[in-house]
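Visitor: I would like to learn how to read a few features of a structure. Please take me through them one at a time.

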Amino acid sequence: ENTARRQGFKDFIIYQGADILHPDLRNSGGFLETKRIADFAEVYNLPMATHNTGSQVNTYANAQWAASIRDFIACETVTGKGDWMDKLLLLDGPYIKDGYIEVHDRPGLGIELNPDVAKAHLAAGETYWG
């Protein structure tokens with residue numbers, strides 16, 4: 001989960017140092033680089049799961065990414081505890097249904113931020129850009 005880029009995963013993949021790769025999109029190089037890691041792992045029959053200790057936004061990003069690869073198992077999430085991260089998006093209902101997250105076909109991640117929650121949790125000195 002703290003390994004970065006293809007170079008960091010290379011030996012784990014080639015020498016079968018793990019049964020499942022567990023990158024964190026925020027640490028491993030983002031969407032494209034982590035897709036490249038998954039494509040390389042697929043050659044060696046290694047499935048993927050994602051580490052995710054972020055908000056609902058990061059969970060949706062993980063779901064979108066997972067839909068782009070061949071052998072995805074699961075997305076870890078820390079949401080659902082009722083704290084502010086569970087209120088960051090404007091949703092019509094629960095976003096995890098029967099253990100699955102719907103991958104939207106709307107632009108971007110297919111989500112809409114709750115501006116009040118986002119503004120209330122800005123880092124010191126930051127301004128809201130929405």
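Visitor: Which side chain does His104 join through a polar contact?
Guide: This is a predicted model. In it, the side chains of His104 and Arg106 are joined by a polar contact of 3.3 Å. His104 sits in the loop between β4 (100-101) and α5 (115-120).

Visitor: Is His104 buried or exposed?
Guide: Buried means under 20% relative accessible area. His104 has 15% relative accessibility, so it counts as buried. Beyond its neighbours within four places in sequence, His104 is in contact with Tyr60, Gln64, Leu109 and Gly110.

Visitor: How do I read a nonpolar core?
Guide: Start with the general idea. In soluble globular proteins, nonpolar side chains tend to be buried together. Here the largest nonpolar core has 13 residues. Those with the most contacts inside it are Ile13, Leu21, Ile37, Ala41, Met48 and Trp65.

Visitor: Which elements give two or more residues to this core?
Guide: They are α1 (5-14), α3 (30-43) and α4 (56-66). The most comes from α3, with three residues.

Visitor: Where is Met48, and what is it in contact with?
Guide: Met48 is in strand β1 (residues 48-50). Its relative accessible area is 1%, so Met48 is buried. Leaving aside neighbours within four places in sequence, its contacts include Ile20, Leu21, Pro23, Ile37, Ala41, Trp65 and Phe72. Met48 and His22 are 26 residues apart in sequence, yet their C-alpha atoms are 6.0 Å apart in space.

Visitor: How many residues of α4 are buried?
Guide: Begin with helix geometry. An α-helix has 3.6 residues a turn, so residues three or four places apart point the same way. Now the case here: α4 is mostly covered, with ten of its eleven residues buried. Among them are Tyr60, Gln64 and Trp65.

Visitor: What do the buried residues of α4 pack against?
Guide: Their partners are α2 (25-28), α3, β1, β2 (72-75) and β4. Look at the start of α4 too. There a side-chain oxygen of Ser55 comes to within 3.2 Å of the backbone nitrogen of Val57.

Visitor: Which residues form a nonpolar patch on the surface?
Guide: Ile14, Tyr15, Val43 and Tyr44 form one. Together they have about 410 Å² of accessible area. Tyr15 lies in the loop between α1 and α2. At 64% relative accessibility, Tyr15 counts as exposed.

Visitor: How many salt bridges does a search of the whole structure find?
Guide: Seven. Take Arg5 and Glu33: their closest N and O atoms are 3.7 Å apart. That pair links distant parts of the chain, with Arg5 in helix α1 and Glu33 in helix α3, 28 residues apart.

Visitor: What does Arg6 form with Glu33?
Guide: A salt bridge, with the closest N and O atoms 2.9 Å apart. Arg6 lies in helix α1 and Glu33 in helix α3, so this pair ties together parts 27 residues apart in sequence. Glu33 is buried at 3% relative accessibility. Arg5 is partly exposed at 41%, and Arg6 is partly exposed at 33%.

Visitor: Where are Glu42 and Arg70, the next pair?
Guide: Their salt bridge has its closest N and O atoms 3.2 Å apart. Glu42 is in helix α3, and Arg70 is in the loop between α4 and β2, 28 residues apart. Glu42 is partly exposed at 31% relative accessibility, whereas Arg70 is exposed at 66%.

Visitor: Which residues do salt bridges with shared partners join into one network?
Guide: Arg5, Arg6, Glu33 and Arg36.

Methods
Residues are numbered from 1 along each chain as its sequence is written. This is a predicted model: local features need pLDDT of at least 70, side-chain atom pairs count only at pLDDT 80 or more; totals for chains, interfaces and linings use all residues. Side-chain values use heavy atoms; hydrogens and water are left out. Helices (H or I, at least four residues) and strands (E, at least two) are DSSP runs, numbered from the N terminus. Buried means under 20% relative accessible area, exposed over 50%, partly exposed in between (1.4 Å probe, protein chains only). A polar contact is a pair of N or O atoms within 3.5 Å; within protein, one must be able to donate a hydrogen and the other to accept it, and residues adjacent in sequence count only if both atoms are side-chain atoms. Contact means heavy atoms within 4.5 Å. A nonpolar core is a set of buried Ala, Val, Leu, Ile, Met, Phe, Trp, Tyr and Cys residues joined through side-chain atoms within 4.5 Å. Patches are made of residues with over 30% relative accessible area and no salt bridge: like charges are joined within 9 Å, nonpolar side chains (Val, Leu, Ile, Met, Phe, Trp, Tyr) within 5 Å. Accessible areas come from the Shrake-Rupley method with a 1.4 Å probe; for residues, only the protein chains shown count as cover. A salt bridge is a side-chain nitrogen of Lys or Arg within 4 Å of a carboxyl oxygen of Asp or Glu.
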